[in-house]
Amino acid sequence: MRIAIVSDMHGNFAALQAVVADLDRQSVDEVLVGGDLAQGGRQPVEVLEFLQARRWPAVLGNADQFLLRFFKSSPPRDDPFAASGQWAAARLQPAHVAYLRGLPDLIRRRDPSGVRFALVHATPWSITDVVLPDAPEDVVHRMLGAAHADVLAYGHIHTAYQRQVDGGLLFSVGGVGGSNDQDPRPAYSIVSLGSPVSVEVRRVAYDVEAEIAALERDAFPMGREKAESMRRGGPWPVRTPTP
């Protein structure tokens, strides 16, 4: 069984389209989505409607939960991401909100060989906690144990890596809408379940300058740091070779 996981689009439809163009050329049995779908980019509706049209199962991310707060009586006001959250919230229709509210925290699959696979956004117990590639080994054991999985995939940290412990595999799939490592290209992962389990990280190029220009043209609320991170990526090392 081969499962592709895309995650952390953050409203960047141009990056998602580039990933999908590559993904559609791969041989996979299913595509799953790791959360953080709409908030943070200029095209939240386009991202949500594309994912709904593809009927790809998705989990709830912290940015999705944050966005839903704008549809409650006391939306966030002092948060540094409030402006981009308001941008997305102002464009969503009730059907989009209902879709986000219906997302689960965890998706499970089982390979015919018996391998138990799970997908979460951040951890099995939280959609906000951060587990970095160098997390203590007991945290890795807790991740796999709490998910009741042999293989656990997650997003949230926007950098792809893999880590094996005692026959289990934990991996982060990378981010479509932004990178925290020194490769700024959108990333996604394909896991092959069975014996042995393997993970392939794929990165794709897209026209970053055109997207930055579109963000500025549409007056999307962003600072200089966002444009620079789109161009250069983040400060972390690249941990997984990619094509």
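The legends below describe a predicted model, first as a whole chain and then in a series of close-up views. Residues are numbered from 1 along each chain as its sequence is written, and side-chain values use heavy atoms, with hydrogens and water left out. Because the model is predicted, local features need pLDDT of at least 70 and side-chain atom pairs count only at pLDDT 80 or more, while totals for chains, interfaces and linings use all residues.

Figure 1. Helices (H or I, at least four residues) and strands (E, at least two) are DSSP runs, numbered from the N terminus. Along its principal axes the C-alpha trace spans about 50 × 40 × 35 Å. Of the 243 residues, 55% are buried, where buried means under 20% relative accessible area, exposed over 50%, and partly exposed in between, with a 1.4 Å probe and protein chains only. Contact means heavy atoms within 4.5 Å, and among contacts between residues at least 6 apart in sequence, 69% join residues at least 24 apart.

**Figure 2. Helix α1 and the elements that its buried residues pack against.** Helix α1 covers residues 13–23 and is mostly covered, with 8 of its 11 residues buried. These buried residues are Phe13, Ala15, Leu16, Ala18, Val19, Val20, Asp22 and Leu23. An α-helix has 3.6 residues a turn, so residues three or four places apart point the same way. The buried residues of α1 pack against strands β1 (2–6), β2 (30–33), β8 (187–192) and β9 (198–203), and also against helix α2 (44–54). At the start of α1, a side-chain oxygen of Asn12 reaches to within 3.4 Å of the backbone nitrogen of Ala14.

**Figure 3. Helix α4 and part of its cover.** Helix α4 runs over residues 82–89 and has 6 of its 8 residues buried. The buried residues are Ala82, Ser84, Gly85, Trp87, Ala88 and Ala89, and what covers them includes α2 and α3 (62–68).

**Figure 4. Phe71, in the loop between α3 and α4.** With a relative accessible area of 31%, Phe71 is partly exposed. Leaving aside neighbours within four places in sequence, Phe71 is in contact with Ala89, Leu92, Val97 and Arg101. Phe71 and Pro94 are 23 residues apart along the chain, and their C-alpha atoms are separated by 9.8 Å.

**Figure 5. Met143, a buried residue of helix α6 (residues 137–147).** Met143 has a relative accessibility of 0% and therefore counts as buried. Apart from neighbours within four places in sequence, Met143 is in contact with Ala122, Thr123, Pro124, Trp125, Val131, Leu152, Tyr154 and Leu170.

**Figure 6. Asp183, in the loop between β7 (168–173) and β8.** The relative accessibility of Asp183 is 12%, so this residue counts as buried. The side chain of Asp183 makes a polar contact with the side chain of Arg185 (2.8 Å). A polar contact is a pair of N or O atoms within 3.5 Å; within protein, one must be able to donate a hydrogen and the other to accept it, and residues adjacent in sequence count only if both atoms are side-chain atoms. Not counting residues up to four places away in sequence, Asp183 touches Arg203, Val238 and Thr242.

**Figure 7. Backbone details at Asp8, His158 and Pro196.** Most residues other than glycine have a negative phi, and most peptide bonds are trans. Asp8, in the loop between β1 and α1, has a positive phi of about 60 degrees although it is not a glycine, and at 0% relative accessibility Asp8 counts as buried. His158 lies in the loop between β5 (151–154) and β6 (160–165); its phi is also positive, near 60 degrees, and at 12% relative accessibility His158 counts as buried. Pro196 lies in the loop between β8 and β9, and the peptide bond from Ser195 to Pro196 is cis, with omega near 0 degrees.
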